[in-house]
Amino acid sequence: MKTFKLVISSPNGLIFDEDVVKIVLRGDGGDLAVMAGHVPFMTSVKPCQCKIEMVDESVKTAHVEGGLLTVAAEKTTLLSGSFKWDKA
Amino acid sequence: MGADIKKLRSRIKSIDSTLHLTKAMGLVASSKIRRATDNMNKAKEYTGSLSDVVNMLTGCGECAKSPYMQKHEQDRLCLLVIAGDRGLAGGYNANVFRMEKETSKEKIIPIGKRACERYGESIRLVETFSYEQALSMAKEICDDFANGTFDRVAILCTKYISIMSQEPQIRPILPLVQGKQSVNHTVLFEPDEATILNSLVREYVASVIYAAVRESYASEVAARRFAMDSAGKNAEEMMSRLKLQYNRARQGAITQEITEIVAGSDT
């Protein structure tokens, strides 16, 4: 299974920095998923539930109020001041 | 002579309690300084990443039409003033207020107990200032700017240079300045650069406010530690001088008593 590096950053520091399989969230143009090999891409994030598919096939969920998603060849970055993990 | 000794003793006691106070406040500031600088660096890093993106977006032609990039004809300034929550931090608060006095502005939004008390607003503490508070302030400021209530928005905060030195400065926030970096055409923008910029501005302004608050707080704690260190040194110097005077006075009193006893026994 192909993976890519996902970094989630907030004003209070780094929240997440791991290899993942997929991230699903809501961009300016609607829901979107990013997987390994995605073209370089940038969108602002709308309030939504964000799903992250991990390498071990588990899924982590979080709530995002807004932010910016940047997909580059070396890593995908989500900058958000309102990223909160859902309770397990 | 007896009155002198009593006076000196009470002064020594009072300076000793001041010394204890400055030592305790210095220790509290020392314990807070590491966390404060850590938080400042984290907030700065986040703001740096966002401002790189904003610089790139403002460099594109389409974004020049954004309401947040328009220069207005008038010069009504909305100034966010960040001062400390407490005093006893040397010239930290006074320097901020002096700079605020020298600046012409239309409206002041204070952050920090001292600033809120000075401008008669409800208290917003610097130490516990959250990103959510910054975001709600940013929404209000951006709306006011876009509606034309203000022509410029700036923030008066204290720059943390080192643990020994901090200086107040005014940082412009709005209108956004055109970036020199050109847009990378290999990147796909969803839906387009201008829409992304307009949705990102509030988050960007909030992060700038939050980073300035965290930096000002680190400066406040560092200034307090430095002020308490020098106050402690002064108190110690004063104590040793007073102790010398006290011992001399005490010795003088004893010598006089002995002289009087000897003189009495001789007669």
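Two residues are taken to be in contact when heavy atoms of one lie within 4.5 Å of heavy atoms of the other. On this basis, in the predicted model described here, the contact between the two chains draws 21 residues from chain A and 21 residues from chain B.

The size of an interface is often given as the accessible area lost when the parts come together. For chain A and chain B this buried area comes to about 1700 Å², of which 66% falls on carbon and sulfur atoms. On the side of chain A, the residues that lose the most area to chain B are A:Pro11, A:Met42 and A:Leu79, which together account for 34% of what that side buries.

Polar and charged groups also take part in the interface. Between chain A and chain B, eleven residue pairs are in polar contact, counting pairs in which both residues have pLDDT of 80 or more. The side of chain A that touches chain B is made up, by class, of seven nonpolar, eleven polar and three charged residues. Strands β1 (4–10), β4 (41–45) and β7 (67–71) of chain A each contribute at least two residues to this side, and β4(A) gives the most, with four residues. The count of salt bridges between the two chains is one; in this salt bridge the side chain of A:Lys84 meets that of B:Glu132, with a distance of 3.7 Å from N to O.

The fold of chain A itself was then examined. Chain A contains nine strands and zero helices, so that its pattern, read along the sequence, is β-β-β-β-β-β-β-β-β. The radius of gyration of chain A is 12 Å, close to the 12 Å that the globule rule gives for 88 residues, and chain A is therefore as compact as a globular protein of that length. Along its principal axes, the C-alpha trace of chain A spans about 30 × 30 × 25 Å.

In chain B, strand β3 (residues 152–160) and strand β4 (residues 166–174) run antiparallel and are joined by eight bridges. These two strands, β3(B) and β4(B), form a hairpin with five residues between them, and B:Thr158 stands opposite B:Pro168 of β4(B).

How values were computed: Residues numbered from 1 in each chain as written. Chains lettered and ligands numbered in written order. Predicted model: local features only at pLDDT ≥ 70, side-chain atom pairs only at ≥ 80, totals over all residues. Heavy atoms only, no water. Buried area = accessible area lost by both parts, 1.4 Å probe. Salt bridge = Lys/Arg side-chain N within 4 Å of Asp/Glu carboxyl O. Polar contact = N/O pair within 3.5 Å; in protein donor to acceptor, adjacent residues only side chain to side chain. Nonpolar A, V, L, I, M, F, W, Y, C, P; charged D, E, K, R; others polar. Rg over C-alpha atoms; globule rule 2.2 N^0.38 Å. Pairing = 2+ DSSP bridges.
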